[in-house]
Every structure is written in C-alpha cells, then in structure tokens.
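Take a look at the model below. Then read on for a short tour of its parts.

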Amino acid sequence: MAAIPVGRKRHQNGAMRWSRLLFSREAGLVILLLAVVALFWILEPSTRQQRVYWDLLREISPNLIAAIGVTMLMLAGEFDLSIGSMLAVTGVTTVVFFNSTENMWAGIAAGLATGPLVGGIHGYLVTKQKMNSLVTTLGSLFALRGMVYVYTNKMPVSDLIGFWDFQDAYYNNLGPAPLPFVLAILLVILALIVLTQTEFGRNVYAIGGNETAARVSGIRVNLIKFMLFVICSSCAAIGGMLLTMQTGSGYFNAGGSGFELIVIAAVVLGGIALSGGKGSLVGTVLGVVILGMTAKGLRLMGVNTNIQLMVTGSIMILAVFMHSFHDRIAILRRR
Amino acid sequence: MSEKQPLLNLRSIAKAFPGTQALNGVDFSLHAGEVHALIGENGAGKSTLIKIIAGLYQPDDGVIEIEGEAVEFHSPADSLAHRIKVVYQELDLVPDLSIAENVFLGNLPKKAFRTVDWNELYARTSELLQDLGLNIDPEMPISALTVAQQQLVEIARALSRQAQIIIMDEPTSALSQSEIESLFTVIRRLQGLGVGIMYVSHKLDEIYAIADRVTVFRDGEHIATEAVANTRQSDLVTWMVGREVKDLYPRTPGQPGDVLLEVDSVSGATIEDFSLKVHAGEIVAVFGLMGSGVHNLGRLIFGNLPRTGSVRLLGQEIHANAPMDAIRKGLGFLTENRKSDGLLLPLSVKENITLVSVNNYANMMVINGQDERRATAEIVDKLSIKTPGIAQKIRYLSGGNQQKSLIGRWLLEELKVLIFSEPTRGIDVGSKAEMYRLMDDMAHQGMGILVLSTELPEVLGIADRIIVIRQGRSAGRWISRDDATQQDLMTAAAVQLDPAS
C-alpha cells in the first residue's frame with residue numbers, strides 16, 4: 001500500500017531534479033563559458049587549437065586549488081584575503097629549504113607546512129579572539145608580503161641545487177592532461193565529496209546559512225571554522241608550490257598582482273554568496289575557468305592589458321547580474 | 001507516586017550582566033508529561049533562563065538538575081546531550097538547506113567515512129513530519145515553507161533527538177488561530193509521550209488552554225508557581241506587573257474633524273481593493289490575523305511597496321513608491337519590525353530621533369549640533385523617554401523607550417497622520433499603557449492615527465473605528481468600538497480563512 005505513493009514521489013523528485021538542474025546557477029555559468037569560448041573561436045584563430053586549452057588548464061591550476069579553500073571558507077561566511085601573499089611565503093620557504101637541506105622533499109614539506117601554520121593563526125584569531133576575518137587576513141596580506149620582502153630583500157631566491165624533477169612535474173602530463181590540473185581536479189573532487197556528502201561539509205553550509213542555528217544545534221562552529229582557515233591557507237600553499245615549480249625559484253612577488261582578488265572574483269562569479277551558505281564548488285570551478293579563458297583569449301589576441309581589465313570586470317558584473325536574476329526567478333518559481 | 005523526580009529542576013539560578021541582575025535566584029521545575037508555562041513581562045528574565053538551559057549562558061550561581069543529577073552545561077552541545085531542545089522564538093533554521101537537513105542539523109545520519117546517509121535522512125524526516133501531520137517533501141528548502149510549517153520543522157528537530165525536555169519560546173507569536181490549534185494538538189501528543197514542555201509566553205489565554213502549571217517571573221525574581229486550574233487571570237496579571245493594571249486603555253474619543261487620510265481601492269502585495277478614511281482627532285484600527293496582509297497595508301500606503309489605487313492626504317495625492325513624498329505631505333509610519341526596519345541600533349538616541357528631520361537643523365548642509373540636541377532633548381522630555389542621555393546608544397534602551405524614540409522621530413516632523421504597525425509589540429505592560437496614552441494625546445491634538453494590529457484587546461481598547469482585514473480584503477467595519485465584540489472581530493478575521501472550523 002505504501003509502495004504507490006513512494007513511487008509517485010520518486011517520479012516527482014526526478015522531474016524536480018531535472019528542472020532544478022536546468023534552472024541552476026551552474027547551467028547559466030556553462031552557457032557563459034561556452035559563449036566566451038565561442039567568441040574567441042571566432043575572433044582569434046589560435047584558440048581553435050586543442051593545445052591552447054590544455055595550457056589554459058595548466059595555468060589556472062594554482063588559482064583553482066586556491067579557490068577550493070576560499071570557497072569552503074566563504075561558504076561558512078568567512079574570508080581570507082592573504083592567499084596572494086601565501087604564494088610567496090610558500091615559494092620562498094620551499095626554495096630556502098631546498099638550498100639549506102639539499103633535500104627536495106624537505107623543501108616541499110617546509111613549503112607546504114606554511115599553509116597550516118598561517119591558517120592556524122588566522123583560525124585562532126578569528127574563532128578564539130573573535131576578530132573579524134576580513135580585517136585579520138587583510139593584515140596578514142600585508143604582513144606576510146612584508147616578511148617576504150625583508151627576508152629576500154626583493155630578490156628572487158634561486159634553487160642552487162637544481163631539483164629538475166620538481167620543475168618537470170609542473171610541465172609533465174598524465175595522458176593529455178597537465179599534471180598540475182590532474183592534482184587540481186583530484187582536490188576539487190575530494191572537496192566536492194566533503195562539501196556535499198559529509199557531515200562536515202553540510203555543517204559548513206549550515207554555519208554560513210545561519211550561524212546561531214548551527215551553534216544551538218550543537219555544531220562545533222569554532223572548530224569547523226578553524227579547520228576551514230587551515231584548509232584555505234593550505235590550498236594557497238599548494239597553489240604557491242605549483243608556481244614555484246613553474247619558475248624553479250622562490251619569487252618574492254608571487255601572487256603580488258592581486259591574486260587573492262582574482263580568486264575571490266572567480267568564486268563570486270561562480271555563485272558563492274558573500275554572506276555564506278549558498279553556492280557550489282562546481283560554480284567556483286566554472287568561475288575560475290571563465291576568468292582564466294577570458295584572460296588567455298585576450299592575451300592571445302594581443303589586446304592590451306588595460307582593455308583586458310575592462311573585459312574581465314564586465315564579465316564579472318554580467319555573471320553577478322545572472323545570479324541575482326536567478327535568485328529572483330527562483331523565488332518566483334517557489335510560489 | 002506522590003513526589004516524582006522532576007525531569008528538570010533549576011534551583012536558585014542567578015545571572016548578572018553588566019548593569020542588570022537578569023536572574024536573581026529563581027527556581028523552576030518540570031515533570032515528565034507536563035506543560036509548565038513561564039510568563040513575565042519583557043525583562044523578567046525568561047530569555048536568560050532559556051539560554052541558561054540551552055547552554056548558551058552559564059549561570060553565576062545555582063544548580064541545574066536533570067532527573068535528580070546535578071549537571072553543568074558549557075555549550076549547547078552539552079544541553080542537547082541531555083535531550084533538551086529549545087524551539088526559539090526567532091526560528092533557528094538554515095534557509096537554504098533542505099527540510100531534512102534542518103531537522104537533523106548537527107546530528108545527520110552517517111554512513112562509512114562520516115558521509116551523510118541521504119536515504120536514511122529523508123526516510124526518517126518523512127516519518128517525523130508525518131507524525132506531526134505535515135505532509136511535505138523533506139528535500140524542499142526551508143525557505144519554501146510557511147512560518148507555521150517551519151515551527152513544526154523545529155519540533156520535528158526536537159523529536160529527531162528524542163528530546164525529553166522541549167522549551168518553546170513564544171511559539172505562537174507568528175501563528176494564526178488554526179495553526180495555534182494544531183500546535184496545541186502536537187503539544188498534547190508530546191505530553192502523552194512523557195515529554196516535559198516549558199512553555200514561555202505572555203499570552204494568558206494560551207496558558208489556560210495548554211498549561212498544567214504556571215510560573216511568573218518579574219524583574220529577574222521568581223514570584224509564584226501555581227497550578228493553572230487554581231489561578232485567576234487577574235492574579236497572573238498582578239504578579240507579572242506587580243500592581244493592578246487599570247486604565248490600560250485610556251482612550252477618550254473626541255469629536256472627529258475633517259478627513260485627513262483617504263485610501264481609495266488600494267491594491268498591491270497581498271492587499272486587494274482596500275479603502276479607508278482617517279479623520280482628524282480619530283484613531284482607526286485595522287485588525288487582521290498573521291498573514292491577512294495587515295502589515296503590508298502600512299507599507300502600501302506609505303509607499304514602501306508598489307501599489308495601485310489612490311492615497312490622499314488632505315486631498316493631495318501621495319505618489320506610490322515614494323516614502324519621501326508621504327513624509328513631505330505629513331504622513332509617518334512606524335513599522336512592526338522595530339529592530340530591523342526602524343532603529344539604527346548602533347547609533348545614539350539623538351541620531352535615531354532626528355533621522356527624518358535632520359535637515360531642519362542644517363544650514364548649507366551642515367548640521368547645527370546645538371539645535372539638533374535641543375530638539376532631541378525636547379522630545380525626550382515630552383515623551384518621557386527613559387535614557388541616561390541623548391548620546392546613549394539606542395540599543396541599550398528598553399523596547400518601550402525605543403518605540404517612544406521612534407514616535408519622537410515623527411513628532412519632529414509636522415505630521416498629520418501617523419501609521420502605527422503593531423504599536424506595542426515586544427513592549428511590557430507598563431509601557432503599553434503609556435504608549436496608548438500617547439496615541440490618545442496625539443489624536444486630541446488633531447492628528448489622525450491609523451493602527452495596524454494583530455492584537456485583539458489592543459484594537460478594542462484603543463480604536464474609535466475598526467476595520468477587519470482578511471486575505472487582503474476588507475472583511476467588516478465597525479463605526480464604534482462599543483458595537484464590536486471580540487467574538488465579532490475574530491469571526492470576521494478568521495472564519496472564511498479556515499473553512500474547517
């Protein structure tokens with residue numbers, strides 16, 4: 001007797017899911033991405049080669065990995081502006097340890113360890129000292145960059161030993177796919193599972209959606225936020241590691257031209273609400289790819305960088321407009 | 001058999017905040033299968049006690065016992081672990097998560113690797129919701145539900161944790177009469193299951209309908225605990241207020257003058273084809289239940305929401321969508337959401353009072369601080385707003401004094417008509433009387449007052465004329481409050497909304 005209503009319900013849900021997918025934020029972003037690709041396909045013949053896209057994926061891997069951490073943090077309603085400076089901290093630390101220990105793995109370990117270290121400090125200040133994360137990480141954006149400048153005297157730190165494997169790994173492929181991108185995608189999948197399929201991930205959404213509700217429901221809000229700061233800085237450290245592999249040196253100004261803003265722009269473009277609790281990692285991935293593709297296409301066309309800024313900014317505003325339009329439609333559809 | 005161990009026993013709980021002793025050695029006990037009401041005016045210490053039980057605050061002194069055992073709650077998790085669930089007045093739901101995720105928030109069923117067991121989650125939620133007589137898809141987002149449904153989701157949440165103690169904080173504040181009835185049905189069912197329910201409210205009729213015992217707090221002190229059956233309503237009021245309340249409604253109608261405000265077949269939002277008139281020296285009330293659109297009416301007239309139809313003040317048309325125009329022509333509006341739509345919480349009493357009129361003290365766009373302070377001081381004096389000074393941050397004032405400050409904001413303008421939406425919501429009994437006296441004064445000075453309210457006694461106590469609104473339409477008019485009875489108004493407001501009853 002109970003079987004019939006259950007069956008009917010399944011069917012309804014199935015239909016609902018399809019319409020949800022069709023009207024989802026991500027569907028809009030896919031269309032935007034296709035439009036960007038098509039536009040360059042027409043305007044710039046060199047973008048018709050497959051190689052361009054594999055290169056693109058290699059280049060955006062650091063952004064993509066950093067964006068994972070930023071997304072998770074922003075879903076819980078917090079920010080990290082310091083990720084650009086993290087890139088330099090990781091790079092310089094890695095190469096300095098290369099030279100002092102003459103051991104590649106020691107260098108990598110030291111470089112990556114800067115992530116949890118800085119993230120842990122942010123997490124402590126925000127959750128225990130009740131400091132605002134935007135201001136706190138704005139502070140460390142400057143402080144970390146300053147430390148790197150002082151330590152390196154604004155000179156790149158070169159790998160004196162020559163760990164070629166380290167650099168090769170960046171340029172090697174797995175099948176047709178660049179290794180950095182393979183790493184990025186694995187991390188995206190891992191994060192996607194965590195966010196959508198684990199209690200931890202659902203609690204992240206709950207905290208961003210209504211922190212008081214999460215707290216009174218017995219969710220350990222502070223612990224989760226602390227972990228998210230660690231994850232975010234660690235993701236930035238991995239991104240910084242990739243940049244270091246790319247150049248083979250610790251560059252004092254890595255990420256110095258507004259890396260954090262580009263990543264946050266991609267995340268917002270992907271539909272993550274600034275107030276937290278809303279959006280998906282899939283949107284973030286699309287956001288990173290759209291901004292990356294726009295920049296690359298314009299570069300290939302030889303458009304000057306000032307115009308690149310204009311176009312990138314306009315695309316971002318267009319995407320945010322799409323999201324607000326989507327929100328209004330969603331409200332109407334619920335009626 | 002005679003003296004059973006209480007589920008929850010609070011003994012001489014004390015809690016102080018800077019400047020106030022919120023609770024001063026209060027007792028409260030709750031037995032299995034009992035509904036124990038806690039009542040008191042605002043500031044009596046009810047919410048502080050709830051937060052202590054919920055583990056959000058730690059008491060300075062006193063003992064919490066669960067089934068005879070002393071416990072300490074350091075966090076909400078500790079309280080939940082003792083199967084205590086608070087259903088808060090402001091619903092603690094996450095709007096973008098599904099119903100099911102909200103029900104099991106902080107407690108999601110899990111499979112291997114701590115991943116969420118979705119099938120289990122949806123199945124168990126469906127079961128719980130059906131137990132509560134709610135037949136909805138657990139995958140829907142919370143934001144798609146009505147407030148009453150959300151309330152039931154909160155209760156489902158309590159059940160999902162097998163709560164043995166449920167604390168309900170003003171659970172009916174946003175519910176219609178029929179929804180209140182179904183909530184009571186659920187409460188009786190829970191009672192039968194041996195759940196102890198602490199029912200915090202200040203609606204006395206509800207206490208008689210549902211509670212076994214009642215405890216009264218006043219100013220952080222325990223005043224009385226009695227069986228409801230042995231307690232008269234007048235006793236409860238006396239205990240709450242600490243004195244006999246007479247003359248709560250001091251309305252002395254005068255002779256109405258010319259028509260000031262004319263609302264002519266206005267439609268928009270949830271309102272359809274609504275008309276009314278307010279004369280000089282008159283208090284007109286529009287009464288409706290939650291969801292009747294009574295609150296939207298104020299926004300339509302004032303121009304906060306788009307409308308069709310005409311609104312005239314002294315014969316002059318007020319443009320739709322233009323609150324500035326309404327103010328310029330002499331119409332003011334006090335919203336029912338004082339905190340979110342009215343007050344500038346982080347700012348001072350002065351800045352709140354002069355918000356609308358600040359240009360009157362400006363010369364070449366530079367504000368003359370002295371004039372502004374003088375005008376504010378006059379208002380504070382005239383309305384006897386209790387504040388240490390006009391520089392005090394308004395958030396530290398009581399609800400009644402905040403409301404008076406908002407009235408002051410409008411009195412600085414030369415107003416003809418002032419719209420009060422829920423003029424006494426969240427205001428204690430003492431200040432209520434003062435608020436009504438103020439409205440009476442304003443009417444005698446020739447202003448027109450329009451009251452939008454969901455509180456029946458208020459409407460009957462203060463209005464000269466009453467209009468009932470139901471489903472966005474006019475559902476009855478009374479030209480004198482002496483002709484209207486509670487029965488009449490409630491019937492007009494509720495009957496067709498709920499064909500079952």
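This is a predicted model: local features need pLDDT of at least 70, side-chain atom pairs count only at pLDDT 80 or more; totals for chains, interfaces and linings use all residues.

Residues are numbered from 1 along each chain as its sequence is written, and chains are lettered from A and ligands numbered from 1 in the order in which they are written.

**Chain B as a whole**

Chain B holds 17 helices and 22 strands. Helices (H or I, at least four residues) and strands (E, at least two) are DSSP runs, numbered from the N terminus. The radius of gyration of chain B, taken over C-alpha atoms, is 24 Å.

Of the 501 residues of chain B, 47% count as buried. A residue is buried if 20 or more other C-beta atoms lie within 10 Å of its own, exposed if 12 or fewer, and partly exposed in between; the C-beta atoms are placed from the backbone. Two residues are in contact if their C-beta atoms, placed in that way, lie within 7 Å. Among contacts in chain B with a separation of 6 or more, 67% join residues 24 or more positions apart.

**Where the chains meet**

On chain A, 21 residues are in contact with 22 residues of chain B. Helix H9 (199-209) and helix H10 (211-216) of chain A each supply at least two residues of this side. H9(A) gives the most, with six residues. By class, this side of chain A has seven nonpolar, nine polar and five charged residues. Here Ala, Val, Leu, Ile, Met, Phe, Trp, Tyr, Cys and Pro count as nonpolar, Asp, Glu, Lys and Arg as charged, and the others, Gly among them, as polar.

**The cores**

A nonpolar core is a set of buried Ala, Val, Leu, Ile, Met, Phe, Trp, Tyr and Cys residues joined through C-beta atoms within 7 Å. The largest has 157 residues, and those with the most contacts inside it include A:Val70, A:Leu228 and B:Ile167. Helix H11 (residues 221-247) of chain A gives the most to this core, with 16 residues. A second, separate core has 73 residues, among them B:Leu260 and B:Ala443.

**One helix of chain A**

Helix H6 (residues 133-152) of chain A has 20 residues. Its buried residues include A:Ser133, A:Leu144 and A:Val148. Seen down the axis, the buried residues of H6(A) fall within an arc of 160°, so they line one face of the helix. The arc is that of the directions from the helix axis to the C-beta atoms. These buried residues pack against helix H4 (83-101) and helix H5 (104-127) of chain A. On the other side of H6(A), A:Val135 and A:Phe142 are among the exposed residues.

Most residues other than glycine have a negative phi.

| Residue | Phi | Loop in chain A | C-beta atoms within 10 Å |
|---|---|---|---|
| A:Asn153 | about 55° | between H6 and strand E1 (157-158) | 7, exposed |

Conventions
The expected span of a helix is 1.5 Å times one less than its number of residues. The radius of gyration is taken over C-alpha atoms; the globule rule is 2.2 Å times the number of residues to the power 0.38.
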